[in-house]
Amino acid sequence: MIGTSGSATPLAGVRIVEVSSFVAVPLAGMTLAQLGAEVIRVDPIGGAADYRRWPLTEDGESIYWAGLNKGKRSVAVDMRSPDGQELVARLVAESGPQGGILITNVAGREWHGYDALVARRPDLIHLEVSGRADGGTGVDYTVNAGLGFPLVTGPATESGPVNHVLPAWDVACGLYAALGIVSALRHRDATGAGSRIRLPLEDVALATAGNLGFLTEPMVTGSQRQRLGNSLYGQYGANFTSSDGISFMLVALTPRHFRDLAELTGTTKAVAALAEALDADFADEGQRYRHRDALTGLFSVWFADHTGEQVAAGLAGTSILWERYRTFAEASADPKVTQNPLFTVLNQPRIGEYLAPSLPLEFDGSRNPAVASPALGDDTESVLGEHLRISAEETARLRESGAVATSSDDMSRQ
């Protein structure tokens, strides 16, 4: 539903338990939280493997962890102890009619596996992300290595593998996981039945590579994609550098784009002569792609004779798709961030004040601002009291025994 206040909270009332680390499942949980669900992230005491992951502040606090856990509640539990395991199982099973949902990438733990939890909650929705479909381990970079992408990434002169910086498969997996939970909720609302969802990271990468034709191409044509540097496969796209060293990426997808590029660079006659010499039709995208190097040679002269400011002004008056290359620091100070309603000022405890993104989706003109991430164990006492009706005295006993911890316990160990 959409909240009566006008805020976009279609999952309001849904309660989800998350046992996770790194990117995919934390991203899924945060996405669901930004859609209005109450997401309770359960970590081991002292934090999971990503609690201190770089980048860090000068005080050693993880900017990374804060970025992927906005809007969640945090419970710290000794998940090796029977008491801790029982608490987590109860949080999943006894979480009300819109609860009974677990998302995790901590695979192979029988005590929070589907069979153990569905015995306690028949309409359980259980989503487990694994590395590989056979149960083997895998992370974004190892999955990517076995797929082919590092061997077509980078300059055409490069002979070895080049990894990409963006953990694309983790991101896609996290969004698939969020979609899986929403779909299972729809199914449960309609039928009363829960779902067991398995989502191997490698399968996400394989499916994407297949859907985009990277795997289908060698199956059908027997050809192997080659490195293209910054060129765009099957289309005309290239990077150019101005006289003062500013780099731009240009894409000409349509004949109109291409005509505008030739007119801007004063090469219309030269392009026509090149087409005649090569017996090529540059109205065809495949022809533009095949002869990309010759075309880029013609266009590059104009860019080299103009400053970055002149290039940007010239491109702005055309239909050409373009953007100037920027660093992360430059992008963070650009109006696309500083004046974008996607970003709002967030005072994140332990990290500082900065512009943080909310959910990119906008519902009926409404968008919720970013909500700070908790410290480890911030919500241990309140969650146990609210959802499991555990008294303050019993919580104190659990803390004393080491079965649970709060944020103050975590701070005392630092």
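In this predicted model, helix α6 (residues 168-191) and helix α7 (residues 201-211) bring their axes within 9 Å of each other, with a crossing angle of roughly 100°. That makes α6 roughly perpendicular to α7, given that angles of 65 to 115 degrees fall in that class. On the α6 side the contact takes in Trp169, Asp170, Ala172, Cys173 and Tyr176, and these meet Leu201, Val204, Ala205 and Thr208 of α7. Sorted by side-chain type, the contact of α6 with α7 comes out as seven nonpolar residues, one polar and one charged.

Next come the parallel strands. Strand β5 (residues 125-130) is mostly covered, with five of its six residues buried. On one hand, β5 pairs with strand β4 (residues 101-104) in the parallel sense, over four bridges; here Leu102 has His126 of β5 as its bridge partner. On the other hand, β5 pairs with strand β6 (residues 195-200), again in the parallel sense, this time over six bridges. For Ile125, the bridge partner in β6 is Ser195.

A separate, antiparallel sheet order can be read off for β7, β8 and β9: the three strands form an open sheet in the order β7-β8-β9. The edges are held by β7 and β9 (321-324), each with a single partner strand, so one side of each has no neighbour in the sheet. Direction ignored, neighbouring strands of this sheet are turned by 15° against each other on average. Strand β8 (residues 247-252) and β9 run antiparallel and are joined by four bridges, and Leu250 finds its bridge partner in β9 at Trp322. Helices pack here too. Helix α12 lies across β7 and β8, and runs at about 35° to β7. Helix α13 (residues 308-316) also packs on the sheet, where it touches β8 and β9, and its direction makes about 20° with that of β8.

Then there are the aromatics. Searching the whole structure turns up eleven aromatic pairs. One of them joins Tyr233 and Tyr289: the ring centres are 5.4 Å apart and the planes sit at 70°, so the pair counts as edge-to-face, the cut-off for that label being over 60 degrees. This pair links distant parts of the chain, as Tyr233 belongs to the loop between α8 (216-221) and β7 (236-241) while Tyr289 is in helix α11 (residues 285-290), 56 residues apart. Tyr233, at 37% relative accessibility, counts as partly exposed, whereas Tyr289, at 15%, counts as buried, because the limit for buried is under 20%.

Phe240 and Phe303 make an aromatic pair of the stacked kind, with 4.3 Å from centre to centre and 15° between the planes. Distant parts of the chain are linked here as well: Phe240 sits in strand β7 and Phe303 in helix α12 (residues 292-304), 63 residues apart. Both Phe240 and Phe303 are buried. Finally, Tyr236, Phe258, Phe282 and Phe299 come together as one aromatic cluster.

Methods:
Residues are numbered from 1 along each chain as its sequence is written. This is a predicted model: local features need pLDDT of at least 70, side-chain atom pairs count only at pLDDT 80 or more; totals for chains, interfaces and linings use all residues. Side-chain values use heavy atoms; hydrogens and water are left out. Axes are lines fitted to C-alpha atoms, for helices over the stretch in contact, and angles run from 0 to 180 degrees between N-to-C directions. Helices (H or I, at least four residues) and strands (E, at least two) are DSSP runs, numbered from the N terminus. Angles under 35 degrees count as roughly parallel, over 145 as roughly antiparallel, 65 to 115 as roughly perpendicular and the rest as oblique. Contact means heavy atoms within 4.5 Å. Ala, Val, Leu, Ile, Met, Phe, Trp, Tyr, Cys and Pro count as nonpolar, Asp, Glu, Lys and Arg as charged, and the others, Gly among them, as polar. Buried means under 20% relative accessible area, exposed over 50%, partly exposed in between (1.4 Å probe, protein chains only). Two strands pair if DSSP finds at least two bridges between them. Rings of Phe, Tyr and Trp (its six-membered ring) pair if their centres lie within 6.5 Å; planes under 30 degrees apart count as stacked, over 60 as edge-to-face and the rest as tilted.
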